[in-house]
Amino acid sequence: MQIAIVTISDRASRGDYPDRSGPAIEAWLSEAISSPFAITRRIIPDGLIPVRDELIALTDHCDLILTSGGTGPAERDETPEAMREVLVKELPGFGELLRFASLRQTATAILSRQTAGIRGRCLIINLPGNPASISLSLDAVFPAVPYCLDLIGAGRVETNPDKVKTTRPAP
């Protein structure tokens, strides 16, 4: 199981401040996943072209890509636009649930344009850029991730049931 974590931020990619969302995602995954997995980390600038190109390159060897950032209404926030150019199938339920869960934390969650979808045998999910929202977001959507990976022929993920109650139909 190969997982990529992509932080999308002009300032973090320039080194103006440290990436905090990527490590937050990695820490959550380390607690939640009980099966073997490897992580690839990237920090890239905002913008349609860099995000699109990085996601396309990563789908060639990843089962799951989790992005952080670039989903708001600011001019440079173009992660959803890049996703539209990358995805073969969009899974809008992920974005709907991510926004719903985030509304418990902040009223500005309605400004988020997070989405998810698949390209080949890779699931891509956009998470918020705020590190404080990472656990809340992953807690909300990850129960469906292992089954989605099964359905698209990606690597198998087993989870720690104390952290994530995976939803898979009975065989």
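**Close-up views of a predicted model**

Arg156 is partly exposed, with a relative accessible area of 48% (buried means under 20%, exposed over 50% and partly exposed in between, using a 1.4 Å probe and protein chains only). Before we look further, note that this is a predicted model, where local features need pLDDT of at least 70, side-chain atom pairs count only at pLDDT 80 or more, and totals for chains, interfaces and linings use all residues. Residues are numbered from 1 along each chain as its sequence is written, and side-chain values use heavy atoms, with hydrogens and water left out.

**View 1. Arg156 pairs with Glu158 in a salt bridge.** The closest N and O atoms of Arg156 and Glu158 are 2.7 Å apart; a salt bridge here is a side-chain nitrogen of Lys or Arg within 4 Å of a carboxyl oxygen of Asp or Glu. Glu158 is partly exposed, at 32% relative accessible area. By this rule the count comes to 15 salt bridges.

**View 2. Arg168 forms salt bridges with Glu158 and with Asp150.** For Arg168 and Glu158, the closest N and O atoms are 3.6 Å apart. Both of these residues lie in the segment after helix 7, so their pair ties together parts that are ten residues apart in sequence. Salt bridges that share partners join Asp150, Arg156, Glu158 and Arg168 into one network.

The N to O distance for Asp150 and Arg168 is 2.6 Å. This pair links distant parts of the chain, 18 residues apart: Asp150 is in helix 7 (residues 145-152) and Arg168 in the segment after helix 7. Helices are DSSP runs (H or I, at least four residues), numbered from the N terminus. Asp150 is partly exposed at 28%, and Arg168 is partly exposed at 23%.

**View 3. Helix 5 passes helix 6 in a right-handed crossing.** Right-handed means that the near helix is turned clockwise from the far one by less than a right angle. Contact (heavy atoms within 4.5 Å) is made by Phe94, Leu97, Leu98, Ala101 and Ser102 of helix 5 and by Leu136, Ser137, Ala140 and Val141 of helix 6. These residues divide into seven nonpolar, two polar and no charged.

**View 4. Thr59 is buried in helix 3 (residues 48-59).** Its relative accessible area is 10%. Which residues does Thr59 touch, not counting residues up to four places away in sequence? They are Ile65, Arg119, Cys122 and Ile124.

Conventions. Helices (H or I, at least four residues) and strands (E, at least two) are DSSP runs, numbered from the N terminus. Ala, Val, Leu, Ile, Met, Phe, Trp, Tyr, Cys and Pro count as nonpolar, Asp, Glu, Lys and Arg as charged, and the others, Gly among them, as polar.
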